[in-house]
Amino acid sequence: MDINFFNENGYFILKSILKKDIIDKYNSDFREIFTQQLNILGIKDDLEFLDNFEIMKKLFKLDIDRYLSALTLSSKLFSLYNIISNEDIVNSLKKINFKIPIWQTKPVIHCMANELTIPNGYNGVGVHQDWITLQSSLNTVTIWIPFFNVKKENFPLEIIPKSHLLGLCDGEQKQNYFEIDKEYYNNDDFLPIEVEVGDVVVMSNFTIHRTQTNGNGFRLSASMRYEDASEKTFIERNYPFTEKRVVDRKIISPNFPNREQVIKIYTNL
């Protein structure tokens, strides 16, 4: 990883850094989550002949709530954590002076397809910086991982090189992100990032970026934010963090589980 390029441009692409087997494992687990929900709905035949996109579309059409639950669960898979904790990625961060990497948030799955647009839901994110979401170490980075090849036509991540040097920009708080004021950029400034499976984009959390929402096809990716516990201002400010854990302790499924269901788990392994 070229520290000079990263420091100057606010991003870097780690080419072919992830091995095929760990990507395949995640795609397999991802597929199984959606397939299980289709099976619950009585859909079992011919699923093996469908790719992941087709399986997602099938569940989306049948039951959008189960689709959203499956998509949410896909960000919690062990196989995804194996990717974001990949030793080669961590060693690359050390080259840009990351000393004690930490996670205070969870991975996020980004799904883009015209056929999977959720009414009043996520369909990409407008112009923003990531740092305002964390407000932790100044050298915080986001890694962005594609699970399919991403070209200009299928909803690429778009960034403005060197915009990290503007520092924290003013803007307006939207429902799911802090939108940067238009005085800080022109639409022609954005660079679409074309990547292949196995590549990883590393981006400063001050780099201005957005999702390209005009396109066709399918894009599935994950992002994760890495913070540095050794960064001076983070230490001085007593390790602040913005994400709070809230546990809903009410019973979610009434009258579940009964004793027989618990016993069955341990007698029919």
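How many cavities of 30 Å³ or more does a search of the whole structure find? The search finds one. Please keep in mind throughout this tour that the model is predicted.

**First stop: the cavity**

Select Gln-104, Thr-105, Leu-134, Glu-227, Phe-241, Thr-242 and Glu-243, which line the largest cavity. The space inside this cavity amounts to about 40 Å³. Colouring the selection by class will show two nonpolar, three polar and two charged residues.

**Second stop: a pocket**

Next, select Phe-6, Asn-7, Leu-138, Asn-139 and Ser-204. Among the 14 residues that line the second largest pocket, these lie nearest its centre. The volume of the second largest pocket is about 210 Å³. Now highlight helix H1, which spans residues 3–9. With three residues, helix H1 gives the most to the lining of this pocket. By class, the pocket lining divides into seven nonpolar and seven polar residues, with no charged ones.

**Third stop: the surface**

Finally, display the surface and select Ile-40, Leu-41 and Leu-62. These residues form a nonpolar patch there, and together they have about 280 Å² of accessible area. To place Leu-62 within the fold, select helix H3, residues 52–62, in which Leu-62 is found. Is Leu-62 buried or partly exposed? Leu-62 counts as partly exposed because its relative accessible area is 48%, a value that falls between the limits of 20% for buried and 50% for exposed.

Key
Residues numbered from 1 in each chain as written. Predicted model: local features only at pLDDT ≥ 70, side-chain atom pairs only at ≥ 80, totals over all residues. Heavy atoms only, no water. 1 Å grid on protein atoms, 1.4 Å probe; cavity = no way out; pocket = protein on both sides within 12 Å on 5 of 7 lines; lining within 4 Å. Points joined across faces, edges and corners; volume = space filled by probe spheres on them. Helix = DSSP H or I, 4+ residues; strand = E, 2+ residues; numbered from the N terminus. Nonpolar A, V, L, I, M, F, W, Y, C, P; charged D, E, K, R; others polar. Patch = residues over 30% accessible without salt bridge, like charges linked within 9 Å, V, L, I, M, F, W, Y side chains within 5 Å. Areas by Shrake-Rupley, 256 points an atom, 1.4 Å probe, with all protein chains shown as cover. Salt bridge = Lys/Arg side-chain N within 4 Å of Asp/Glu carboxyl O. Buried < 20%, exposed > 50% of the residue type's maximum accessible area, 1.4 Å probe, protein only.
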